Amino acid sequence: MQLPVKISYRGLEKSDQIDNLVLEYAARLEKFCDHINRCDVAIEQTNHTHHKGNPYRCRIDVTVARGHELVAREEQMDNGSHAPLIKAIHHAFKTMERELRRVVDKQRRDVKTHADTRSPK
């Protein structure tokens, strides 16, 4: 299955390198959940902040069959560190992987639930 991915940019130029990176990470999401309906990725660089450097933001919205919508967000500051935009994308997709695992485990009923603990009468 080919996952439909929509990538939008706000405040920075569209880049083929970033597009390929996002598509690669999105393809990895299918390993964790095979019934993803939609994946929207928003990459943003704000420049109206009073903090030092320009923060990069990455937000991922994933819709999974059976009515689940998952959101992962990450923000990295451009303060001379190595590739803050790539780090933001990486961390956002790692967060989404954890969320997908949690939802799939719940759907498969692999999550342990507590037995009904009523006191005997």
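In this predicted model, the largest nonpolar core holds 30 residues, and those that touch the most other members are Ile-60, Val-62, Ile-89, Phe-93 and Leu-100. Two or more residues of this core come from each of helix 1, strand 2, strand 3, strand 4 (68-77) and helix 2, and helix 2 gives the most, with nine residues. Ile-89 shows how these elements meet: leaving aside neighbours within four places in sequence, Ile-89 is in contact with Ile-18, Leu-21, Val-22, Tyr-25, Ile-43 and Cys-58.

The elements themselves can now be placed along the chain. The protein has two helices and four strands, which follow one another in the pattern β-α-β-β-β-α. Of its 121 residues, 34% count as buried, and among contacts between residues at least 6 apart in sequence, 57% join residues at least 24 apart.

Helix 1, which spans residues 16-32, has 17 residues and reaches 26 Å from its first C-alpha to its last, close to the 24 Å expected at 1.5 Å a residue. Its buried residues are Ile-18, Asp-19, Leu-21, Val-22, Tyr-25, Ala-26, Leu-29 and Phe-32. Because these residues cover an arc of only 160 degrees around the axis, they lie on the same side of helix 1. The buried residues of helix 1 pack against strand 1 (5-10), strand 2 (36-45), strand 3 (55-64) and helix 2 (84-107), whereas the face turned away from the buried side carries the exposed residues Asp-16, Gln-17, Asn-20, Glu-24 and Lys-31. At the start of helix 1, a side-chain oxygen of Ser-15 comes to within 3.3 Å of the backbone nitrogen of Gln-17.

Is Asp-61 buried or exposed? Asp-61 counts as buried because its relative accessible area is 14%, which falls under the 20% limit for that class. The side chain of Asp-61 is joined to that of Arg-59 by a polar contact of 3.2 Å. Not counting residues up to four places away in sequence, Asp-61 also touches Arg-38, Cys-39, Asp-40, Leu-70 and Val-71.

Conventions
Residues are numbered from 1 along each chain as its sequence is written. This is a predicted model: local features need pLDDT of at least 70, side-chain atom pairs count only at pLDDT 80 or more; totals for chains, interfaces and linings use all residues. Side-chain values use heavy atoms; hydrogens and water are left out. The expected span of a helix is 1.5 Å times one less than its number of residues. Buried means under 20% relative accessible area, exposed over 50%, partly exposed in between (1.4 Å probe, protein chains only). The arc is that of the directions from the helix axis to the C-beta atoms. Contact means heavy atoms within 4.5 Å. A polar contact is a pair of N or O atoms within 3.5 Å; within protein, one must be able to donate a hydrogen and the other to accept it, and residues adjacent in sequence count only if both atoms are side-chain atoms. A nonpolar core is a set of buried Ala, Val, Leu, Ile, Met, Phe, Trp, Tyr and Cys residues joined through side-chain atoms within 4.5 Å.
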